[in-house]
Amino acid sequence: MSEPTNSVLAADRLFGPDTRQKDAAMVLYDLVRDLPIISPHGHVDPRLFSDPQASFGSPSDLLIIPDHYVFRMLYSQGVPLESLGVPAVDGSTVETDPRKIWQTFADHFYLFRATPSGLWLRQELFDVFGISETLNSRNAQVIYEQIAEQLTQPEFQPRALYERFNIEVLCTTDAAQDNLLHHQAIRESGWGGRVLPTFRPDQVVNLQMTNWRQGLEQLGSVCGTEIGSYRSLVRALEERRAYFRSLGATACDHASETAYTTSLSEPEAEAIFQRAIHGTVTAEDARQFTGHMLIEFARMSAEDGMVMQWHVGSLRNHNPAVFQRFGPDKGADIPLQSEYTRSAHPLLSAYGDDRRLRMVLFTLDESTYARELATLAGHYPALRLGPPWWFHDSVNGMERYFHQVIETAGLYNTAGFNDDTRAFLSIPARHDVWRRMSVNWVAGLLVRGIVTENDAAEMVADLAYRLAKQTYKLED
Amino acid sequence: MSEPTNSVLAADRLFGPDTRQKDAAMVLYDLVRDLPIISPHGHVDPRLFSDPQASFGSPSDLLIIPDHYVFRMLYSQGVPLESLGVPAVDGSTVETDPRKIWQTFADHFYLFRATPSGLWLRQELFDVFGISETLNSRNAQVIYEQIAEQLTQPEFQPRALYERFNIEVLCTTDAAQDNLLHHQAIRESGWGGRVLPTFRPDQVVNLQMTNWRQGLEQLGSVCGTEIGSYRSLVRALEERRAYFRSLGATACDHASETAYTTSLSEPEAEAIFQRAIHGTVTAEDARQFTGHMLIEFARMSAEDGMVMQWHVGSLRNHNPAVFQRFGPDKGADIPLQSEYTRSAHPLLSAYGDDRRLRMVLFTLDESTYARELATLAGHYPALRLGPPWWFHDSVNGMERYFHQVIETAGLYNTAGFNDDTRAFLSIPARHDVWRRMSVNWVAGLLVRGIVTENDAAEMVADLAYRLAKQTYKLED
Amino acid sequence: MSEPTNSVLAADRLFGPDTRQKDAAMVLYDLVRDLPIISPHGHVDPRLFSDPQASFGSPSDLLIIPDHYVFRMLYSQGVPLESLGVPAVDGSTVETDPRKIWQTFADHFYLFRATPSGLWLRQELFDVFGISETLNSRNAQVIYEQIAEQLTQPEFQPRALYERFNIEVLCTTDAAQDNLLHHQAIRESGWGGRVLPTFRPDQVVNLQMTNWRQGLEQLGSVCGTEIGSYRSLVRALEERRAYFRSLGATACDHASETAYTTSLSEPEAEAIFQRAIHGTVTAEDARQFTGHMLIEFARMSAEDGMVMQWHVGSLRNHNPAVFQRFGPDKGADIPLQSEYTRSAHPLLSAYGDDRRLRMVLFTLDESTYARELATLAGHYPALRLGPPWWFHDSVNGMERYFHQVIETAGLYNTAGFNDDTRAFLSIPARHDVWRRMSVNWVAGLLVRGIVTENDAAEMVADLAYRLAKQTYKLED
């Protein structure tokens, strides 16, 4: 692999330009660049690791078709999703030639200037495939061939890259009703990689999801029981959590549009559940049920010790035409204004002081960082603040996070880094951006006399490795 | 014109202090400093250009009396608007001596320290009139004379300055019912300047505006028909759009307090319109009608190709005493919290994917940049995000815009720069601040290895010139 | 006192690393570092100064037990408040050994990395006690002894430190019904310090405060009358304001959860007050009464000239378990999203143009800085914006404040600095952080050519000293 021919892959990239700060950053970066990767939350398909012979397919299968971060940018400029090979729900024809798809992508690569996807892709192409040229219309096919050829080789299979990437643990996200066969297969294969499931029950507790009933039936089926009551639902969820834990899971994950929580009595919860079963549930019913179940999940996490992740504030499938034709997760999920101080109050009043609970809270509304989340995390023992999420997993998003969160929350009420990605190849690049931005921030504190050298050295290792491992109870 | 005697007019002003970044900024600035000015949205009076002999009046007529950016700052510190010559609605006496007005302004010039108005005024005084001293109580009258004398000369008439400023196109903002006589006169005069109208129908679709009925009658009058129904209103608007296009208009402009949109059936819209005609319209009626008309205007823009500008979130005339005595646009318009994800959903569901529509959206609520607007613009093909608007058209406002918008929206879902000013003389200074802040931002990306040199060179030209020209279909 | 042995106490701390900017900052800092301290708003106990022999107690009594900024951070990481000596409401046992409390604090001192409390504590330990080592588990007891020993000496008594700190005026915050005996004693003692009361009537106008009735009775008692009507309440408040003024008070202070204001008729206000007296008041009643009283207080301030401070947006006592066991002010007050444009409109319509009124407005919601507060302060003559409050009184909080407020509001519609602290020892450190961040900001403007050298020199003195003195009418 040759040295990069352009400055965008320089050793000091992302660091601020001031010489004193950059020198400090370089020293700190040396402390963390080679630490193993802890990936406690993400969406990589476990199937990649259950079969030792699994491969990534073509360059377009690997880097474009499954990555909504990538294709939504082209869509926003008028490129049809069909031409990028994104499969239609009804199975109708879309582009299938990976070279054509790659060419369209390369023709529009300039759209990624100054974006996180642009940074990650460039670093992936260089670090994994040795490609240092900026992709464009002219070099598209040559670069395609270079990647395609390498992808046929054994050292580019998922398990090999997992090892090359120095990943210590990789957590996937799995439906409550998932049988975790791939996780079982990984454990039984004798392979040394640590790939753990995460328990995500959204589909069976969000009463207005289109596939709620289907999820409930699947859950009943894996539990060998019919789930006809709220009480049986709670029992099934507790049973599944135990099963997930038996396969190494240390965490759960919950998503909701708002941070609304409420405590229902058991008869109230049961009545709503029965309305859902009978198809007469209202939007307000569903809102209350979700708000209630979040407190129930806090109770379960306090009892069984699973770390409770809570992702708030995405309005899914904003574009009805795209949703109808291509389904969910197509780059059309849009953040909502969020409110935590009043909304999360019932949950925090009940479990915020409970030392058995660890809750990691995520937001898409940065205006809540300094105002609500840092102050809540800086008070409640159960609460830690998750890293910058989704759109905010970026150079500037991280700077805003450090500047707006830490002074009030304190570093030790945060949770390290999550890559949260389904794009396996982007994991090292994402962690590297976090590590670079972390050391750049700490170097800024150091040269401004806000922290000592000893503090700085500990903080960067905490940010890069220890906080995530400890928060998610991954010390094994 | 002599070299500036103070550092505030230094060649490297506004650039960050780091040497490496500044050097990069200076190189990039050389690429854009002399590009022609595209001014696709503003409020300059077309009358300045229809009469070849038009003049700007006294220094106070030019720089103080019509500029609410300027007089509101003095008002906030207790200076009566009367003493600044701002005309009262009832025609009662206000200060008329331009020298006295100028002295009051100079006495308070320190109030503009670190403000955009301060930056623009200083640059105007130097670049246009060769004045490099900071205005103060002592030098006020001398500087007044220097300006007044120059304003009597032909090279300081509006058309001459238009040419000296290297303006390629200047768009005004004109009521739907405006007969555009000045625009006709400009076209027929043979003068080479390109001054285009923009279609703004707010007055006739906002049913609770105090002068709605008057606007509607004027609209009927220019259309030669009585507008007694919703259907006839829509027809009249479509007819006027065609007339505006015949005089070169490429864009419309719409303002609303919120981003609320809704689709009414034709009978519903008609019923509300009839209540307005009969004086029984409610606030909720008006809200729905405005929300409905925004979708109607999106339809019209999709059909006739006029770029749809949408300015959201100003609560006009917040100060009742000032409004009663001095009328609208007196520096008392205050931004509102805004919400787009749910509010604009009906419009975007209907037209967001329509490749014929180009919508440019503006906000006064910066907390929506990263959370809602960048994510919407980064998905919907019809949508572009307008530049930092009004109070945010500033050094820090631009930095926040670049940092909060581009990573998610991508540069190419933005719209370049608008000066949005009624102060003609400030146009070059405003564009220069944008160009300096653009190159400073891109230089920062360059020295941090986020973009290549080639990317950087293209981005600064896009920001300074090409994006505005292309977004507003001004390529002719 | 020896030179600091670590860089965190370097002479250039907190300044940006760029050499040119730092040099400018150092020059500007020399202009303000030794200016007297104006402390126009805070919560220091006047009892410290009424008794010439008052002392601070043990190091833990001084620095830990009364400071919720400090103990909430340890609480958030699972340290019980009992172990920090925080007294329980019911008088049950908590840790009483100050050495044990100090050890627990030192064991967790790393939690304060990069926080304002960390900065202040370090500077206090060094500047007041000559301790330059970073506190940790090992040096805890040695440092405890060093502090304890000094605290027994006369030059570490409150009056001596007041003088050493070069405080020109210190305003406390006192309930409307307070008899101000300590303030009287200070005046009568002949001591040269200027410690002034501030009138805070929240307890008697917030009808749903748990101790409202008690406050009302106390108010009646100090006024020698029974307060059985709204009218008598207003009369009593006006009488108390005169009494506070007679002891040197120049300002009042009001807190509310939201910025809601409304004008009630006298019969409406009376009816609500009677419901409160009879125990049938509703939450909506209380909200309206608070909103009405804010306008009443604006009237009183316009009439008697007392500066009206208004602190908006804290939800007090968010954690019910902590409140029940330890009472208010225990680090569990959480900010709320705030809205000013519509909410404060009734008050500003009534008194915003009144040149007799000076109102200083504070927020915990930074998203309102550029959007609402800077625009309101940049228009209404009566309004000034208070400095970054509470959680935002920090390095980054100040940077955000300067960047988001000043361009629109102008510097001269702000109010200088408040330390707002009950931790007397932290006052010089807090003012020093403000002065350093002020000069750093102004130095940035200077090297970017945004202000002249003359402007810069005036601005830093305004920020450090003159704005606070003039805003709060402390010119004597």
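**Entry 1: a sheet in chain B**

I started with chain B, where 3 strands make up an open sheet in the order S1-S2-S4, with parallel pairing. The edge positions belong to strand S1 (37-39) and strand S4 (195-196) of chain B; each has a single partner strand, so one side of each is left without a neighbour in the sheet. A reminder to myself before going on: this is a predicted model.

Next I looked at how S1(B) meets strand S2 (residues 167-171) of chain B: the two pair in the parallel sense over 3 bridges. Which residue in S2(B) stands opposite Ser39(B)? I found Leu170(B) there.

**Entry 2: a strand pair in chain C**

I then turned to strand S6 (residues 251-256) of chain C. Here 5 of the 6 residues are buried, so S6(C) is largely enclosed by the rest of the structure. Its partner is strand S7 (residues 307-312) of chain C, and the two run in the parallel sense with 6 bridges between them. Within this pair I noted Cys252(C), which stands opposite Met308(C) in S7(C).

**Entry 3: where A meets B**

How many residues of chain A are in contact with chain B? I count 43 from chain A, against 39 residues of chain B. On the chain A side, helix H4 (68-76), helix H6 (116-129), helix H15 (320-326), strand S9 (334-335) and helix H18 (395-409) each supply at least two residues. H4(A) gives the most, with 4 residues. I also sorted the side of chain A that touches chain B by class: 21 residues are nonpolar, 16 polar and 6 charged.

**Entry 4: how the copies are related**

I superposed chain A on chain B, and a rotation of 120 degrees does it, with 0.0 Å of shift along its axis and an RMSD of 0.0 Å. The two copies are therefore related as by a three-fold rotation axis. Do the copies use the same or different surfaces? Different ones: 5% of the contact residues of chain A recur in chain B.

**Entry 5: the core**

Last, I went to the nonpolar residues inside. In soluble globular proteins, nonpolar side chains tend to be buried together. The largest nonpolar core in this model has 444 residues, and those with the most contacts inside it are Val442(A), Val442(B) and Val442(C).

I picked Val442(A) to see what surrounds this residue. Leaving out residues up to four places away in sequence, Val442(A) touches Leu28(A), Val451(A), Ala456(A), Met459(A) and Val460(A).

Methods:
Residues numbered from 1 in each chain as written. Chains lettered and ligands numbered in written order. Predicted model: local features only at pLDDT ≥ 70, side-chain atom pairs only at ≥ 80, totals over all residues. Contact = placed C-beta atoms within 7 Å. Nonpolar A, V, L, I, M, F, W, Y, C, P; charged D, E, K, R; others polar. Pairing = 2+ DSSP bridges. Least-squares fit on C-alpha atoms with pLDDT ≥ 70 in both. Core = buried A, V, L, I, M, F, W, Y, C linked by C-beta atoms within 7 Å. Buried ≥ 20, exposed ≤ 12 C-beta atoms within 10 Å, placed from the backbone.
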